[in-house]
Amino acid sequence: MDEEEAGPPKRELYALLQVSPEATDEDIRKAYRHWAQVYHPDKYQDFHMQQIATENFQRICQAYEILSDEYKRQIYDIYGMEGINSGLELGPKLNKVEELKAELERLRKRKEEEKMLAHFRPSGTILAHLSLPQFLHGDGIMRGMAMSSDVQSQLSKRTAIGIGGNLEVNENSGGGAASTVLRHQLSPVSSIEFIASAGLRALIGVQTTRNVSLHSTATIAIAKSLRDGSINLSNTWTRKLSETANGNIQLLLGPESSIAVGWQKKDEKMSASGELQIGTSSFSASAHYTHRFSSKSHGRIAGRFGSTNLEVEVGGGRKLSNFSTVRMLYTIGIQGILWKFELHRGGQKLIIPILLSRHLNPVFATGAFVIPTSLYFLLKKFVVKPYNLRREKHKTLENKEKTSAQVREARAMAEKAQQLLQIVANRKRSRHLETNELVITKAVYGSSKALKKADESREENKESASDIIDVTIPLNFLINDSGQLKVHFF
């Protein structure tokens with residue numbers, strides 16, 4: 001396809017760096033260094049100027065990332081940012097404009113499907129409270145049940161809506177609530193939310209959030225209860241303490257006024273958080289620590305202490321697939337001794353707390369922790385691990401067979417190509433023989449072990465090994481008109 005069919009090069013990113021589409025890599029590098037220094041946020045003290053500089057700096061970095069990459073630049077010149085954002089990549093199967101166009105169309109359709117799914121994000125939780133003491137007394141094992149569901153939908157680029165509801169039943173009483181949240185992005189640094197709910201917690205409210213600096217965020221909310229008419233006013237300040245840690249302070253004014261201080265930290269290996277809350281009639285403190293032993297398993301310890309609560313939670317979880325995670329927790333506190341099982345899949349959660357005993361008996365508490373822990377490790381060692389090993393072995397064999405099939409297909413295509421070139425190669429070989437130039441009579445490619453095995457097979461008049469490739473014809477084509485063989489090794 002000629003240049004007119006491909007269309008003129010896109011120029012927006014070139015304009016950002018103030019270079020021409022014909023600029024060399026060195027020209028692009030110099031322009032990036034110049035404009036990155038001009039728009040670096042650290043040069044500005046005024047917050048508004050910092051925001052503008054940050055946006056321009058990010059655009060300059062994006063332009064350089066694309067234009068400094070040979071393949072991305074070629075895609076951008078043909079299809080602009082649409083080709084870049086679609087994930088289009090050049091390779092052995094995408095080296096022509098026609099092939100790029102077909103691949104871009106396929107990726108565009110897939111992205112449209114993902115966009116439709118992103119506009120509709122459902123989530124839900126099912127909570128089933130079980131009680132062993134209640135079951136032993138003949139009153140049934142179910143203590144209560146709760147269900148909640150939420151749907152998030154993107155109405156436009158800057159506006160989203162969330163609709164949710166929940167139902168809860170506890171022994172002979174129950175209730176429910178429905179809520180709606182409308183969120184609108186006012187600017188790149190601020191947003192506003194309108195909240196309304198009906199049912200047990202009927203209220204209306206509004207909340208606004210703004211980035212007051214590069215590392216600080218402020219949130220102010222006011223809500224009025226439709227049941228008793230009380231008003232709650234909250235103010236939350238969040239500060240980025242480091243690349244992996246945040247801190248926050250919250251002030252709540254209303255019938256139950258309080259002040260809370262919190263801290264969160266999360267990186268690849270662990271996550272931790274803590275909070276201290278002091279109110280007019282209560283206080284509480286909580287902390288949790290989660291350690292990731294691998295990409296699939298983690299351990300967790302948490303504690304809560306306050307005027308109405310005292311408990312310690314220990315447990316862990318394992319990732320079953322890209323969408324599913326299972327977790328088992330052991331809790332001991334003033335409410336009794338509990339096991340808790342959790343299954344997370346996508347946006348759905350199933351949580352089953354089981355009350356084992358209302359009394360804090362040390363022997364029973366130790367047994368309730370040791371027995372399931374021992375069963376877990378035994379199950380992991382004798383059931384889960386062997387199963388995973390068999391599955392990995394099966395996957396390895398499948399990949400090996402798939403790779404072998406691909407190699408056989410590529411070998412067959414290479415042999416067909418050599419057959420097509422045989423006539424031309426013979427003509428070229430005869431011409432070189434007439435002029436006493438270089439002629440390659442036999443050339444093979446393979447490992448030394450495979451070549452040795454092939455020599456032994458020929459001596460014993462057996463079929464030659466299949467791990468070597470005859471490259472006589474391709475090498476003869478590399479001989480130039482001066483009778484020289486030029487080969488590049490990588």
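Among contacts in the protein chain between residues at least 6 apart in sequence, what share joins residues at least 24 apart? The share is 29%, with contact meaning heavy atoms within 4.5 Å. This is a predicted model: local features need pLDDT of at least 70, side-chain atom pairs count only at pLDDT 80 or more, and totals for chains, interfaces and linings use all residues. Residues are numbered from 1 along each chain as its sequence is written, and side-chain values use heavy atoms, leaving out hydrogens and water.

**Overall make-up**
- The protein chain has ten helices and 19 strands (DSSP runs numbered from the N terminus: helices H or I, at least four residues; strands E, at least two).
- Of its 490 residues, 26% are buried (under 20% relative accessible area, 1.4 Å probe, protein chains only).
- The protein chain exposes about 33,500 Å², and carbon and sulfur atoms supply 58% of that area (Shrake-Rupley method, 1.4 Å probe).

- Strand β1 (residues 120-131) pairs with strand β2 (residues 142-154) in the antiparallel sense over eleven bridges; pairing requires at least two DSSP bridges between two strands.
- Pro122 has Val151 in β2 as its bridge partner.
- β2 also pairs in the antiparallel sense with β3 (residues 159-170), over eleven bridges.
- Four residues separate β2 and β3 in a hairpin.
- Ser149 stands opposite Gly165 in β3.

Conventions
Buried means under 20% relative accessible area, exposed over 50%, partly exposed in between (1.4 Å probe, protein chains only).
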